[in-house]
Amino acid sequence: MAIKALLIDLPRCTGCRGCQVACKQEYKRQAEKTTFFGGPGYQNPADLSAQTWCLVTYNEVLINGRYDWVFGKRQCMHCTVPGCASACPVSALEKLESGPVVYHKNKCIGCRYCMLACPFVIPRFEYETWNPYITKCTMCGARQAAGGIPACAKACPTGAITFGERDALVREAEQRIASNPGKYIHHIYGLEEAGGTCVLHISSVPFEKLGYVMRVPRSPMVAHTEPAMKAVPMVMLGLAAVLGGTYALRTRKQRNNQSGGGAGSHS
Amino acid sequence: MGLSVLNVRLGIGTLLLALVAFTGGALALYRFLAGIGAVSNLNQGYPWGFWIGFDVLAGIALAAGGFVVAGAMHMFGGEKYHPLVRPTILTAFLGYLLFIGALLVDLGRPWTIWHMMIYWHHESPMFEVGWCVMMYTTILFLEFLPVVFERFRLDRWYAIWMNVAPWIAIALLTLFASAMTQSMAWVLAIGGVLVAFEVLVRLGVIYRDPRMPTLLLMAGIIFSTLHQSSLGSLFLIVPHKLNAIWYSPILPLFFFVSAVAAGVAMVIVESTASAWYFGREVEVHLLEDVGHVLTWAIFGTLALRAADLVLRGIGTELLVLSPQSVAFWIEALVGLLIPLAILLTPEFAASGRWLLVSSLMVIAGLLINRMNVAIVGITSTYGATYYPHWMEWAITAGIVAAGVLAYLFICSNFPVFTPAHHRTKQA
């Protein structure tokens with residue numbers, strides 16, 4: 001099966017937040033009480049949370065000497081090799097072949113290692129309940145399996161969110177950048193970040209001005225833990241052999257006494 | 001002598017400990033009703049905080065004395081350390097039980113902790129740490145059993161234990177190997193070496209230690225080595241969040257060597273403290289030797305850390321004034337440089353008091369190091385900040401207090417400091 005992806009064309013976004021509302025409806029997430037906050041105060045709510053998995057960010061950016069609103073989108077990036085899924089000790093997070101990174105709530109033990117591992121700060125934890133789960137965007141894995149498209153892509157009125165095969169969307173993004181000089185910066189966010197993701201963003205201004213996380217390694221997160229984990233069986237075998245050998249050599253004399261005296265041999 | 005409960009002397013100290021333990025327990029209960037957010041400042045940007053840094057990372061490292069002393073003594077022939085083996089195994093066992101208790105508070109869904117046993121995911125360092133701790137706690141329990149057998153004069157059980165324990169150790173190690181590799185070749189290789197060793201012991205080709213099955217100690221060393229280092233591996237997955245001062249590809253190695261140093265320091269502190277509490281004489285000459293081991297362990301940690309910082313080109317970061325660089329220098333001075341200077345001064349190295357001071361500094365340095373890796377060195381995005389809530393401190397304090405009380409109870413009722421020790425000393 002071809003791996004599916006979303007292409008977020010930020011210059012096409014009008015900040016209507018239709019995607020945000022569609023996501024809340026689809027997953028029956030509660031509304032949040034919010035307050036007007038300084039700076040990008042029109043953004044609502046301020047951040048992703050256990051209730052908000054999809055968020056349009058409002059950013060004031062200086063363009064040609066005047067400030068303008070530029071919108072960004074925050075949601076799970078659905079990494080090709082996701083750090084959260086590598087980190088999870090009980091495989092509660094799983095990368096589907098079709099693209100989505102989904103969460104099996106029945107397996108989760110609540111250790112929050114996925115939150116630490118995710119470079120995009122996406123998994124959110126329900127801190128306020130005795131029976132908490134991790135929550136995050138599922139790229140509407142269930143809708144996809146039923147032949148549909150993600151709710152946010154379906155809701156977007158301006159074509160800022162396109163759903164399709166990842167390879168085709170990468171070509172499409174490159175083509176849009178190439179054929180509209182000046183409209184886009186030359187960066188597909190998600191093409192290489194964390195080893196590549198299934199949500200690709202293109203923008204008219206540098207992504208750091210939209211609050212995107214820029215300190216993201218280019219390699220999959222698992223590449224950093226893999227060498228240490230690969231060493232585990234080698235350490236086991238090596239220690240077993242070395243400890244056993246050292247002990248046998250060191251106690252040669254005592255062994256001779258033990259078998260010579262005959263006292264300990266039948267213990 | 002005043003009042004005592006279960007043979008534990010009642011004094012201001014023990015009553016205070018009980019109060020702290022009770023408060024912690026009550027707050028932990030509140031956490032299970034109202035959620036982690038109600039008692040902690042953990043947030044979406046800082047999913048891990050004080051509990052992970054102190055209870056998990058530091059707590060487990062401080063319990064390393066159990067495997068270092070037992071291992072050094074039985075495996076490498078440090079016979080003179082025998083009087084220290086039982087108390088350190090007890091501390092380690094209690095330490096791990098406490099750590100599991102603390103983990104239940106920190107885990108969001110602790111009643112599902114057994115999922116680790118059925119949903120295998122050997123790519124995850126967390127999976128390995130979880131399994132190691134499970135296995136090693138079982139091993140420590142087995143290592144502590146002789147004390148119970150002696151207390152209740154269960155000689156037959158002691159003999160059965162001597163016979164069966166090695167096979168349990170082999171079973172745990174091979175099960176662990178299969179969970180970590182899911183490869184028959186590795187299981188056969190590791191299992192083969194272990195079984196061969198035990199068979200040779202039974203055939204009389206290899207000496208049979210009459211006090212404790214050697215395989216049990218080997219299993220303890222293997223599991224300890226693996227998870228002491230894997231606690232560092234946990235943080236290999238955050239190159240983007242952990243400050244370069246601490247983030248190194250050999251972080252697991254740092255965690256291991258510093259745990260050995262801290263474990264040894266704990267042995268000194270614990271021996272001194274329990275000698276004082278139970279009115280015994282401090283085994284100064286013995287502790288002096290332990291001090292030499294400590295010196296080498298600090299030196300090893302220091303050399304590795306320094307070489308790593310130089311090779312990775314971390315120089316300016318340490319000299320620029322920032323919370324991280326200050327935290328690093330406190331850690332290095334308290335945990336490595338000053339105690340090393342003390343231990344290398346002959347007059348101090350021979351003094352029980354200075355040995356205690358330097359050991360306490362090494363322990364403090366380890367605590368600071370683990371806090372630095374878990375909290376200070378972690379930069380979260382989106383302006384999230386974290387400082388532990390007073391209830392986080394209180395719950396941890398309660399757990400530690402409960403541990404000290406349990407230690408006093410067991411030492412007052414079981415032959416932890418056995419007369420057998422005096423025999424070996426005279427021999």
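Predicted model: local features only at pLDDT ≥ 70, side-chain atom pairs only at ≥ 80, totals over all residues.
Figure 1. Residues are numbered from 1 along each chain as its sequence is written, with chains lettered from A and ligands numbered from 1 in the order in which they are written. Helices (H or I, at least four residues) and strands (E, at least two) are DSSP runs, numbered from the N terminus.

**Figure 2. The bend in H7(A).** H7(A) bends by about 35° at A:Val232 (the angle between axes fitted to the seven residues ending there and the seven starting there). A proline, A:Pro233, follows within four residues. Both A:Val232 and A:Pro233 are among the buried residues of the helix, which also include A:Met229, A:Met236 and A:Tyr247. A residue is buried if 20 or more other C-beta atoms, placed from the backbone, lie within 10 Å of its own, exposed if 12 or fewer, and partly exposed in between.

**Figure 3. The hairpin of E2(A) and E3(A).** Strands E2 (residues 55-63) and E3 (residues 66-74) of chain A run antiparallel and are joined by nine bridges; two strands pair if DSSP finds at least two bridges between them. A:Val61 has A:Asp68 of E3(A) opposite. Two residues lie between the strands, and A:Asn64 in the turn has a positive phi of about 50°.

Figure 4. B:Leu90 counts as buried because 23 C-beta neighbours lie inside 10 Å. Leaving aside residues up to four places away in sequence, B:Leu90 touches B:Phe144, B:Tyr407, B:Ile410 and B:Val416; contact requires C-beta atoms, placed from the backbone, within 7 Å. The C-alpha atom of B:Leu90 is 8.7 Å from that of B:Phe141, 51 residues apart along the chain.

**Figure 5. The side of chain B that touches chain A.** Here 60 residues of chain B are in contact with 60 residues of chain A. H10(B) gives the most to this side of chain B, with seven residues. By class, this side has 37 nonpolar, 19 polar and four charged residues. Ala, Val, Leu, Ile, Met, Phe, Trp, Tyr, Cys and Pro count as nonpolar, Asp, Glu, Lys and Arg as charged, and the others, Gly among them, as polar.

Conventions: Contact = placed C-beta atoms within 7 Å.
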